[in-house]
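Look over the model first, then read on.

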Amino acid sequence: MTEQLFIGVDVAKDWIDIHHPGRKPSRIDSTPAALRAFAARCRKDGVWVIFEASGGYDRGLRDALEAADVPFTRVNPRQARDFARAMGVLGKTDRVDARVLAEFGARLTPKRTEPASEARRSLQAQATRRRQLVDLRKQEATRLQQTTDPAALADIRAIIAILDRHIDKVEERMTATVAADANLASIDRRLQTAPGVGPIVAATLIAELPELGQLDRRRIAALAGLAPIARDSGKKSGARAIAGGRAIVRTALYLAALQASRRSAIFREFRSRLQAAGKSVKATLTATARKLLVTLNAMVSSGTNYRLDTAT
């Protein structure tokens, strides 16, 4: 049996750097034609491609690899950086990052990233656009508090109104995209049976957490950045804290957990117990969000709607 060959790819805005263990480092432009040609060579050579999630710049590479049916793994940047430090690699350049990613694949043999359906990819793009618009609205809302000039205030309010309309339109497209796909619509209906989960939270989870229902409770919590990380050394026991994960998923779950702890007796009592034990507001909300995520994960995995006894 031939050993699987992993190559590392560092993705930039205008090009990608490639580390192939048996060849010299190379760089190609991130044009659709160049990426398709690269994917075709990968297919011919039978390699597995490792690259980092890079804020949307990796979309062209991912599309080309999926079209050519080339196996690849899209790695969390924090995970890749931690691996580099563990290997003693402190420098950071495009070529170094590509080499580290190739080594990451060879040593850890990560799970293949499964291709997303066209509907889910469209939903991901819409969720990203909604997040961008919401961030812009927050910035304008902050500016609203920083000026007293009447003309400036009027202008800021007008921009916020425009952003509100655009956010509403994006949310309408998100719900329509989910409703038009039978598989996504089924997941959406199931998620919305849980307390605190509305159409936008459900659509965000479907778009940004396709692993929901496929992993165990610890791995799904870690993927969302809601798993407490131990910081113990010798006799010293440090406070647990979350780190990494998918920020957009975590934000959606925080909002859902806040609503669930107000509307559901189970989640309200759970959060109250933590508060009574002296936990901070942030810690109690994080734990509630994790409990909600684990419950949703179990629901999707088992194909059941929310019931009082499914809150784990």
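Which side chain does Arg27 meet in a salt bridge? Asp94 is the partner, at 3.4 Å, N to O. A salt bridge here is a side-chain nitrogen of Lys or Arg within 4 Å of a carboxyl oxygen of Asp or Glu. Arg27 lies in strand 3 (residues 26–29) and Asp94 in helix 4 (residues 94–108), so the pair ties together parts 67 residues apart in sequence. Helices (H or I, at least four residues) and strands (E, at least two) are DSSP runs, numbered from the N terminus.

This is a predicted model: local features need pLDDT of at least 70, side-chain atom pairs count only at pLDDT 80 or more, and totals for chains, interfaces and linings use all residues. Residues are numbered from 1 along each chain as its sequence is written, and side-chain values use heavy atoms, without hydrogens or water.

The structure holds 19 salt bridges.

| Salt bridge | N to O distance |
|---|---|
| Arg27 and Asp94 | 3.4 Å |
| Arg59 and Asp63 | 3.3 Å |
| Glu171 and Arg130 | 2.8 Å |

Arg59 and Asp63 both sit in helix 2 (residues 59–67), 4 residues apart, about one turn of the helix. Glu171 is buried, at 19% relative accessible area, while Arg130 is partly exposed at 22%. Buried means under 20%, exposed over 50%, partly exposed in between (1.4 Å probe, protein chains only).

Now the helix contact. Ile266, Phe267, Phe270, Arg271, Leu274 and Gln275 in helix 11 meet residues of helix 12, including Val281, Leu285 and Lys291. Contact means heavy atoms within 4.5 Å.
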